[in-house]
Amino acid sequence: MDSLLRHMVDMTGHRDHTMLDISVISAVQELSGALQTRVLAIASVCGQRFVRPRACIRAGGVACPDEAQDGSPGEPITAFPELAHCLDHHDSRAEGKGPDGLRVLWLPIWFGDKAATCLEITHHGEFTGDTIHMISGIVSVYRNFQNLLDYSERDSLTGLLNRKTFDDQLARMLHAPDAGSLVPGLPERRHHGAEEKQWLAVVDVDHFKGVNDRFGHLYGDEVLILVANLLQSSFRAQDRVFRFGGEEFVVLLRSTTLDNARKIIDRFRLDVETHEFPQVGRVTVSVGFTSIRAADSPVVTLGHADQALYFAKANGRNRACYYEELLANGLLQTIATNDTAEFF
Ligand SMILES: Nc1nc2c(ncn2[C@@H]2O[C@H](COP(=O)(O)OP(=O)(O)OP(=O)(O)O)[C@@H](O)[C@H]2O)c(=O)[nH]1
């Protein structure tokens, strides 16, 4: 009992998903006497489900697969038939027996009808009812705590990531390889001769004050929610979309060429322009975007995209402007930036 309490205190003391994962698998590993415990991430890429280990503990040591080393979405779900069946039937757990006689228990972490995470426990012998009961209890605490962490990282109106998580996500993106091109069975998206980079785009709703003034804040909020939905459907799963506050959004685009970044951003701009917003009608957005260089601080990169955004605003709105191009054409000038200055 002491040991269980100690683990509960440890699990609920973290404010970071990776540390929470490690403390959960440490608890399960020790309390169930398992051979191996893993946290598996379940992701859907181009309609296919993949399973990727996010954290793993084996024989007393923690080994955490590093995103920087492993950009692949993982193994296809077909390699885990019992888990696939369990997910399809919304079951709380699945058990399997390996060719070596080892028993495996999978416990998906359900949020409504979605499970993006699963615990996998490998054991010498059969799992007793008591062990399953104890692990299920830990999974419930894990789920509640993951929920709390998610809540603190997301904007309550749109459900997008909030500003607080931006620096962390930017660092992850800079250090992770191109996940999209590593999907097994799918053609690589690389373009011969064209350089793939990471991109940052700042999106701002045009004349949004006018929307609030004419239709009221409730309709203004509705516009923000619909723009957030269009952002999420326009960009890929490996990109990241944030609401920075007010009517301003930021997108991190992972590993693509300038031509593609332009196309994706412009397709989104057009999606907004052609969307029929209830009551409000037509809404447009302006976008400023720039390439992300590891040498630049987040503040400098945001400043560049922001300069391009202001250019778009000052030159007709409802357009996407590329910072480096404006600079090369003499339409913008480099601004000496104090790295510690707050742009937003
Ligand atoms: N409904 C709603 N309005 C918000 C929210 N956050 C900020 N706003 C409003 O967004 C408006 C932003 O207006 P401005 O910064 O003047 O910009 P704009 O009218 O969009 O004009 P341009 O950006 O120059 O095209 C302000 O009226 C804010 O009150 C929110 O969460 N909900």
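Among contacts in the protein between residues at least 6 apart in sequence, 60% join residues at least 24 apart, two residues being in contact if their C-beta atoms, placed from the backbone, lie within 7 Å. The model is a predicted one: local features need pLDDT of at least 70, side-chain atom pairs count only at pLDDT 80 or more, and totals for chains, interfaces and linings use all residues. Residue numbers start from 1 along each chain as its sequence is written.

The protein has 10 helices and 13 strands; these are DSSP runs numbered from the N terminus, with helices being H or I of at least four residues and strands E of at least two. Of its 344 residues, 32% are buried. A residue is buried if 20 or more other C-beta atoms lie within 10 Å of its own, exposed if 12 or fewer, and partly exposed in between, with C-beta atoms placed from the backbone. The domain assignment gives domain 1 (2-153) and domain 2 (161-328), bounds that come from an automatic or database assignment. The C-alpha centres of domain 1 and domain 2 are 33 Å apart.

Strand 7 (residues 114-123) contains Ala116. Ala116 has 14 other C-beta atoms within 10 Å and is therefore partly exposed. Leaving aside neighbours within four places in sequence, Ala116 is in contact with Ala41 and Ile42.

Strand 9 (197-205) is mostly covered, with eight of its nine residues buried. Two strands pair if DSSP finds at least two bridges between them. Strand 9 runs antiparallel to strand 11 (residues 248-256), joined to it by seven bridges, and Val203 stands opposite Phe249 of strand 11. Strand 9 also pairs in the antiparallel sense with strand 12 (residues 285-291), over seven bridges; here Leu200 has Thr290 as its bridge partner.

The ligand has 17 residues around it, of which Asp206, Phe208, Lys209, Gly220 and Gly246 come nearest; a residue is near a molecule if its C-beta atom, placed from the backbone, lies within 6 Å of it. Strand 9, helix 6 (208-215) and helix 7 (217-234) are the elements that give two or more residues to this shell. By class, the shell holds four nonpolar, six polar and seven charged residues. Ala, Val, Leu, Ile, Met, Phe, Trp, Tyr, Cys and Pro count as nonpolar, Asp, Glu, Lys and Arg as charged, and the others, Gly among them, as polar.
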